[in-house]
Number of protein chains: 2
Amino acid sequence: MKKNILVTVDSNYLYPLKIMLKSLFMNNPKEHFSIYLVHSSISAQQLESLETFIASEGHEFHPIQIDEELFSEAPTLLHYTKTMYYRLLAHKFLPQTIDRILYLDPDILVINPIRELYELDLEGYLYAAADHRTMPIVEINKIRFNPFDLEAYYNSGVLLMNLALQREVIDEKDIFNFVKKYHSKLIMPDQDIMNALYSKKIKGIDEVKYNYDARFYNIYKLKSNGKVDMDYVMNHTVILHFCGKKKPWRKNYSGKFYSLYKHYEKITKDTILALEDWKAESTSGKVY
Amino acid sequence: MKKNILVTVDSNYLYPLKIMLKSLFMNNPKEHFSIYLVHSSISAQQLESLETFIASEGHEFHPIQIDEELFSEAPTLLHYTKTMYYRLLAHKFLPQTIDRILYLDPDILVINPIRELYELDLEGYLYAAADHRTMPIVEINKIRFNPFDLEAYYNSGVLLMNLALQREVIDEKDIFNFVKKYHSKLIMPDQDIMNALYSKKIKGIDEVKYNYDARFYNIYKLKSNGKVDMDYVMNHTVILHFCGKKKPWRKNYSGKFYSLYKHYEKITKDTILALEDWKAESTSGKVY
């Protein structure tokens, strides 16, 4: 069975997106993926490059371009474009025939099989997501969202989506009204909206397995009395998430998973170079 | 063309050996390897397991068992068995038809293609090896070997061997006599012997590319004014060598390349488990 993956990057994140996808493909060799990209302004050339990359790995690519007119009534926030709504309203743009999709941020490495996560029972839930409870930020967010009586504050970087239920329950007007009312309080808009409006309809998943925050190796290890060490992470963690402002594909990053990230980056670059060579050869008319 | 790889581990190192080989195979997908294991006491069962592993990856395995009687005249050293001679005298045991082989220690990850190293011009040289000049230990070893007028002290963990010339030049009696004479001075016996007797017949290769000491990320980076950073290593280094007493497959290791090593360890374990499942299924008579 094909597994559906959703990404909603803009053109600044196409490079890490390819690294994320390469790690997903390499560590899930038996799966067949359909990659859906919901976007508004990625060029035809960039889409073609991504299509070639994904096809060369044996998977399918479905770009979905959003007409920004559709969001003419949506409120905007300082520093954020309307693309912040794509993740929350993806069920409106994705084919009606698919009922389940796994959304993944681009600042991720997938280092183990995602099958168990993908096949999780979502009966009655809109999403499955990890509560980043190890981190102090969660407590701050719970206080910040006090009026909404949150039991948890979920990270929206890895979201298994029950599209069938979302189509029934999620109304874009609720979202737009919420943004109008609380715009001054929103820090990470799409994540804040999801938590404030739908927290009780989110199924919690293990953050160490499915949304391990790569900044906090020592904290995870300490809080688990040493259990969650490097051996444990490599054997159990499926999704390593490079949260925060410092990104491993940029200069001057450092961290416990830097070498691993850079190695996947190198493998991805080699794959892209080989495709470019192949393209150059095939268009130059040479026969090998 | 097949590429020949030499290893001389005992049974304590079969586990990291598989990890090293897996990394070699994964990052050299276009190569076909013949793996020669020179040993004296690895069990038939362990050899079969290694054979299955290597064959499942599409490569060849040639174990060569040494009759310890052959070394009845060889002197021994405290804490060292006669296996210390296997690397230096491999040309005597390997098929006379092969003229070139790449020796690799088991505490290694091969993270890029080895073709350029393997095809190096060895005309007139017995070996190609890296001088670990970045490290203070080199200076100590040069002083220690003062009487031999060394220009460099080479690390013997990665050795490209000119077997044809070795068969002409290397006499085991020279080696045994050297050990008898200098036994009190030898710290790393086979490496010391190689340097003392053959240093001038060793072609130096770039340690950052071919024998990067994984303990010294910060030193390499500092000495290169920042050039040899993680990005550089992942793009240029072919062989990462986990030198020293602390090993990444044991508990309580830490270091810049820990996550990378443990990820390859996990992939190797998965490969072994899949082979065991396959074997269990095929011997249970079940048909799938």
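Everything here comes from a predicted model, where local features need pLDDT of at least 70, side-chain atom pairs count only at pLDDT 80 or more, and totals for chains, interfaces and linings use all residues. Residues are numbered from 1 along each chain as its sequence is written, chains are lettered from A and ligands numbered from 1 in the order in which they are written, and side-chain values use heavy atoms, with hydrogens and water left out.

**The sheet in chain A**

Let's start with the strands of chain A. Helices (H or I, at least four residues) and strands (E, at least two) are DSSP runs, numbered from the N terminus. Two strands pair if DSSP finds at least two bridges between them. In chain A, 3 strands line up as E5-E10-E9 in an open sheet with mixed pairing. Strands E5 (108–110) and E9 (212–213) of chain A sit at the edges with a single partner strand each, so one side of each has no neighbour in the sheet. E5(A) pairs with E10 (residues 239–241) of chain A in the antiparallel sense, over 3 bridges. Within that pairing, Leu109(A) is opposite Leu240(A) in E10(A).

**Where chain A meets chain B**

On to the interface. Counting contact as heavy atoms within 4.5 Å, 24 residues of chain A touch 24 residues of chain B. The two chains bury about 2,000 Å² between them, 52% of it on carbon and sulfur atoms; buried area is the accessible area (1.4 Å probe) that two parts lose on being put together, summed over both. Ser259(A), His263(A) and Lys266(A) supply 28% of the area that chain A buries against chain B, more than any other three residues.

There are 13 residue pairs in polar contact across the interface (both at pLDDT 80 or more). A polar contact is a pair of N or O atoms within 3.5 Å; within protein, one must be able to donate a hydrogen and the other to accept it, and residues adjacent in sequence count only if both atoms are side-chain atoms. Helices H11 (230–236) and H12 (258–284) of chain A each bring at least two residues to the side of chain A that touches chain B, and H12(A) gives the most, with 11 residues.

**Salt bridges**

A salt bridge here is a side-chain nitrogen of Lys or Arg within 4 Å of a carboxyl oxygen of Asp or Glu. Over all chains the structure holds 36 of them, and 4 cross the interface of chain A and chain B.

| Salt bridge | Closest N and O atoms |
|---|---|
| Glu48(A) and Lys279(A) | 3.9 Å |
| Glu116(A) and Lys209(A) | 3.2 Å |
| Lys251(A) and Asp229(B) | 2.9 Å |

Glu48(A) is in helix H2 (residues 44–56) of chain A and Lys279(A) is in H12 of chain A, so this pair ties together parts 231 residues apart in sequence. For accessibility, buried means under 20% relative accessible area, exposed over 50%, and partly exposed in between (1.4 Å probe, protein chains only). Glu48(A) is partly exposed at 45%, and Lys279(A) is partly exposed at 46%.

Glu116(A) lies in helix H4 (residues 115–118) of chain A and Lys209(A) in helix H9 (residues 207–210) of chain A, so that pair links parts 93 residues apart in sequence. Glu116(A) is exposed at 54%, whereas Lys209(A) is partly exposed at 23%.

The pair of Lys251(A) and Asp229(B) crosses between chains, from the loop between E10 and H12 of chain A to the loop between helix H10 (217–223) and helix H11 (230–236) of chain B. Lys251(A) is exposed at 60%, while Asp229(B) is buried at 11%.
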